[in-house]
There are 2 protein chains.
Amino acid sequence: MPDILHRVGVEGSTPQQVYEALTTIDGLSAWWTTDTKGSTDLGGVIEFRFVPGGFDMEVTTLKPAEQVGWTVVGGPEEWVGTTITWNLHQEDDFTIVLFKHEGWREPVEFMHHCSTKWALFLVSLKALLETGKGAPSPDDFHIDNWN
Amino acid sequence: MPDILHRVGVEGSTPQQVYEALTTIDGLSAWWTTDTKGSTDLGGVIEFRFVPGGFDMEVTTLKPAEQVGWTVVGGPEEWVGTTITWNLHQEDDFTIVLFKHEGWREPVEFMHHCSTKWALFLVSLKALLETGKGAPSPDDFHIDNWN
């Protein structure tokens, strides 16, 4: 089963700071989409909305400064049931973010698109923490004719 | 076996124009690495060099305006023997680039890094064709403590 994998390093941030950008509405809305609502507690559902639609994520893992896990419980058919895992660790002055979006049933063209979009959103997360300003939707970087 | 998948759309370029950016030394050196040499003919080997090392790609497929295939014949151990496929097609005013880097033996941390780097180099390819200026190495976007 094909997975989407990425790695970014956030310079000058601790794993705890990156963790907060992944586990608070304020943090998430500053790098992924400004239209973010819901509960970021364990078992809660976070609602991410974009111009063309959105994703509902159940929070399945919260290990402070170490790991965040989500299961997609609402959104495009290809996403529902897939899981997203964020692993954090420190190397020198960087917090390394290892990202995995797994459980895709087929390597469809939409998966190619999402892989590239995730990379740009990870760069947005990095920029948020390093410079104070991310590029969340609707001001995200558009990679193709789909978004 | 895990694959890296990406999709970008190059607005205002034909598949033939994108194909040329993937099959000429001038094109390749303007979006991937300025230090690009070798033969871009079928069966030729293209040598891509970066500050920390490089990749040698044998050109295995050349279907004008449609598909380019490379096999990695030199470079980091994790890359040797893997294959890279570029599929091009037109949608409205976009040339859609479907990118696949397959044959990775293990989803190692280096593969996460390469997936994110590829996304940024695809954005560099898009920028080159849309604006005349890419971001090839050594002026590429650095995503983490590795590069």
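**View 1. Chain A turned onto chain B.** In this predicted model, a rotation of 180 degrees with 0.0 Å of shift along its axis superposes chain A on chain B, at an RMSD of 0.0 Å. The two copies are thus related as by a two-fold rotation axis. The same surface serves both: 100% of the contact residues of chain A recur in chain B. Superposition is by least squares on the C-alpha atoms of residues with pLDDT of at least 70 in both copies. Contact means heavy atoms within 4.5 Å.

**View 2. The open sheet of chain A.** Seven strands line up in the order β1-β7-β6-β5-β4-β3-β2, with antiparallel pairing. β1 (4-11) and β2 (35-38) of chain A stand at the edges with a single partner strand each, so one side of each has no neighbour in the sheet. From one strand to the next, the twist averages 25 degrees. Strands (E, at least two residues) and helices (H or I, at least four) are DSSP runs, numbered from the N terminus. Two strands pair if DSSP finds at least two bridges between them.

**View 3. Strands β3 and β4 of chain A.** β3 (residues 45-50) and β4 (residues 53-63) of chain A run antiparallel, joined by six bridges. Find Glu47(A): it stands opposite Asp56(A) in β4(A).

**View 4. Two helices across the sheet of chain A.** Helix α1 (residues 15-23) of chain A lies across β1, β4, β5 (67-74), β6 (83-91) and β7 (94-102) of chain A. α1 runs at about 160 degrees to β6(A). Axes are lines fitted to C-alpha atoms, for helices over the stretch in contact; angles run from 0 to 180 degrees between N-to-C directions.

**View 5. Helix α3 of chain B.** The 23 residues of α3(B) reach 33 Å from first C-alpha to last, close to the 33 Å expected at 1.5 Å a residue. That expected span is 1.5 Å times one less than the number of residues. Gly132(B) follows α3(B), and its phi is positive, near 90 degrees.

**Notes.** Residues are numbered from 1 along each chain as its sequence is written, and chains are lettered from A in the order in which they are written. Local features need pLDDT of at least 70, side-chain atom pairs count only at pLDDT 80 or more, totals for chains, interfaces and linings use all residues, and side-chain values use heavy atoms, without hydrogens and water.
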